[in-house]
Amino acid sequence: MGFSRLYSSLKSLNKASLRNSIFHSQKPQFHIKSGLINSENKQKPNISWLSSLVPVAIAFSAGSFAFQTLDTPALCEAPTQHPESGINYGGKGSTDYAVKGYHRNVPQQLILELKDISQDNMSVDYNERHFHGKPQNSFHKAVNIPDVVVYPRSEEEVSKIVKSCNKYKVPIIPYGGATSIEGHTLSPNGGVCIDMTLMNHVKALHVEDMDVVVEPGIGWMELNEYLEPHGLFFPLDPGPGATIGGMCATRCSGSLAVRYGTMRDNVINLKVVLADGDIAKTGSRARKSAAGYDLTRLMIGSEGTLGVITEVTLRLQKIPQCSVVAMCNFPTIKDAADVAIATMMSGIQVSRVELLDEVQVKAINFANSKNLPEVPTLMFEFVGTEAYAREQALIVQNLVSEHNGSDFVFAEDSETKKELWKIRKEALWACFALAPNCEAMISDVCVPLSNLAELISKSKEELDASELMCMVVAHAGDGNFHTLIMFDPSQEEQRREAERLNHFMVHTALSMEGTCTGEHGVGTGKMKYLEEELGIEALRTMKRIKDALDPNNIMNPGKVDTRPPIGPVRKGLSVADIHPSRP
């Protein structure tokens, strides 16, 4: 399974799609042997997934790429929760290549219990563990990788796995499509990676109620293929390859959020395995309820730190009768942002408002053999009846002309519309094509809509002044702004410059009453901004929730900083000494 999974991942990345790496038709076969190997004695493969993609893929296809399989795993326990230990889970140093962790070997008995639970659906192969320890789209890395990867097939198996891990106080890292940006699936403390991709079934579709019950491993694209014959679709559209469970965990959104809301608005009910192995249902299938605490919203965005999602009930929408896609160009990025704001203020119910700067358009042209004007560009989508969609498009065309816009063009035929949104969705891969030897520091912020133009203008000025290649992409209809900062991972100065630009954008957004992350989540990368954004009391409240639900801190430890220093600082140490995740 290690070889086939790596190969399918490389193949899918080369096509700018991650879909082939999500589902596995063959049942994996693994063999467990006794004994332990210390992690510092392992020989790590020198694989750069992005810069070496083509030659590695060629080597695979030629049958000349061979892996050495480790027969025995390196194991580690979860860290203790003593801030004076100086453990770094990310935080201030979270943009370092190696997010630090703390290791101790754990009993071999846990491995035997996991094998008894999972049967053949588990692996201690080094290459398989290395694959799960490096997110596909994130520059973040950790000093360690998972010690075991398990592939549960049912909610009951997840419950048993979690219960065993809790007994031995071993970290758990839930794993979906691995498309997250901020290091959510890193294993800085080793532990057990729970890969949910075998739980990828639709459990129930209620067409008349317009909802669907699914397992967490199904991808949103695969779900929409299933729903299309019924005239329904699930409206959230993050990057290709994302799974429903991961989308819940990171509270994602996408380009359609401006019309349909984010994940928190589209999940009706969850089932979650808690840290002690208990299975909790967070609600019913009713569209609204005032019964008790809103546990559904508590779990959405918790990034696997409070429980493992095993079932999701989703709100669906009717496929629109008609849609019109429009594109237009602007002399400056501020002009484009101003039109996005004016469109939303006009009350027009657009379903997408996407902004691309001239560098991103250049990358799209290069990667897709297009000839789009390389200037700041807005993309709109209008839906409804044919007459309504065209009417809204004409209104926006007038707004565009009032803000120095030009080349307003429509697309109504299905294939052209699909192609336009496809190249937008594959913007990241276009950037890698334009800068093949680079990694991307990807960051997103969100501000009140009235501040978007100022935020983008200030950030763009700083990005353009940098020696690094930087692209801007925005979900402009709801104030969500992304940067893709391309840097050579072998050049320390470039990495530090990328960090500086990321910090500038985030702190500028926070100064405008915005957030450090609009949709990518916290993970290890955005911890350092939480206290500035939310305040110490909010972090203390989050810590109390975490301690109550996960007293052994086994659930994805080191993500979403819930460990503010509470009480007096120990004599002789600064806050930075006892809590390295603080700026």
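# Reading burial, contacts and charge pairs

Author: Tyrosine 293 is exposed, with a relative accessible area of 75%. The model is predicted.

Reader: Where is tyrosine 293 found?

Author: Tyrosine 293 sits in the loop between strand S9 (279–281) and helix H10 (295–299). Together with Leu295, Leu298 and Ile545, Tyr293 forms a nonpolar patch on the surface, and the accessible area of these residues together is about 390 Å².

Reader: What share of the residues in the chain is buried?

Author: Buried residues make up 58% of the 583 residues. The secondary structure comes to 20 helices and 18 strands. The chain exposes about 23,200 Å², of which carbon and sulfur atoms supply 51%.

Reader: How many residues of helix H15 are buried?

Author: Helix H15 (residues 427–434) is mostly covered, with seven of its eight residues buried. Among them are Trp429, Phe432 and Leu434.

Reader: Is threonine 343 buried or exposed?

Author: Buried means under 20% relative accessible area. Threonine 343 has a value of 0%, so it counts as buried. This residue is found in helix H11 (residues 333–345). Its side chain reaches the backbone oxygen of valine 339 at 2.8 Å. Not counting residues up to four places away in sequence, threonine 343 touches Ile348, Val350, Phe380, Val396 and Leu399.

Reader: Which residues does phenylalanine 380 touch?

Author: Leaving out residues up to four places away in sequence, the contacts of phenylalanine 380 include Val339, Thr343, Val350, Arg352, Val396 and Trp421. Phe380 is also among the residues with the most contacts inside the largest nonpolar core, which has 54 residues. A second, separate core of 27 residues includes Ile364, Leu434, Ala435 and Cys438.

Reader: How many of the contacts join residues at least 24 apart?

Author: Among contacts between residues at least 6 apart in sequence, the share is 75%.

Reader: How many salt bridges does the structure hold?

Author: Side chains of opposite charge can pair when their charged atoms come close. The structure holds 30 salt bridges. In one of them, lysine 370 pairs with glutamate 419, the closest N and O atoms being 3.3 Å apart. This pair links distant parts of the chain, 49 residues apart: lysine 370 is in the loop between helix H12 (358–368) and strand S14 (377–384), and glutamate 419 is in helix H14 (residues 414–425). Lysine 370 is partly exposed at 32%, and glutamate 419 is partly exposed at 29%.

Reader: Where do arginine 495 and glutamate 492 lie?

Author: Both lie in helix H17 (residues 492–511), three residues apart, about one turn of the helix. Arginine 495 is buried at 6% relative accessibility, whereas glutamate 492 is partly exposed at 37%. Helix H17 also holds arginine 500 and glutamate 497, three residues apart, whose side chains meet in a salt bridge at 2.9 Å, N to O. In this pair, arginine 500 is partly exposed at 35% and glutamate 497 is buried at 15%.

Reader: Which residues are linked in a network of salt bridges?

Author: The network links Asp237, Arg352, Glu381 and Lys425.

Reader: What is the phi of glutamate 303?

Author: Glutamate 303 has a positive phi of about 55° although it is not a glycine. The residue lies in the loop between H10 and strand S10 (308–315) and is buried at 5% relative accessibility. Glutamine 119 has a positive phi near 60°, in the loop between helix H3 (108–118) and strand S1 (122–123), and counts as partly exposed at 41%.

Key
Residues are numbered from 1 along each chain as its sequence is written. This is a predicted model: local features need pLDDT of at least 70, side-chain atom pairs count only at pLDDT 80 or more; totals for chains, interfaces and linings use all residues. Side-chain values use heavy atoms; hydrogens and water are left out. Helices (H or I, at least four residues) and strands (E, at least two) are DSSP runs, numbered from the N terminus. Buried means under 20% relative accessible area, exposed over 50%, partly exposed in between (1.4 Å probe, protein chains only). A polar contact is a pair of N or O atoms within 3.5 Å; within protein, one must be able to donate a hydrogen and the other to accept it, and residues adjacent in sequence count only if both atoms are side-chain atoms. Contact means heavy atoms within 4.5 Å. Patches are made of residues with over 30% relative accessible area and no salt bridge: like charges are joined within 9 Å, nonpolar side chains (Val, Leu, Ile, Met, Phe, Trp, Tyr) within 5 Å. Accessible areas come from the Shrake-Rupley method with a 1.4 Å probe; for residues, only the protein chains shown count as cover. A salt bridge is a side-chain nitrogen of Lys or Arg within 4 Å of a carboxyl oxygen of Asp or Glu. A nonpolar core is a set of buried Ala, Val, Leu, Ile, Met, Phe, Trp, Tyr and Cys residues joined through side-chain atoms within 4.5 Å.
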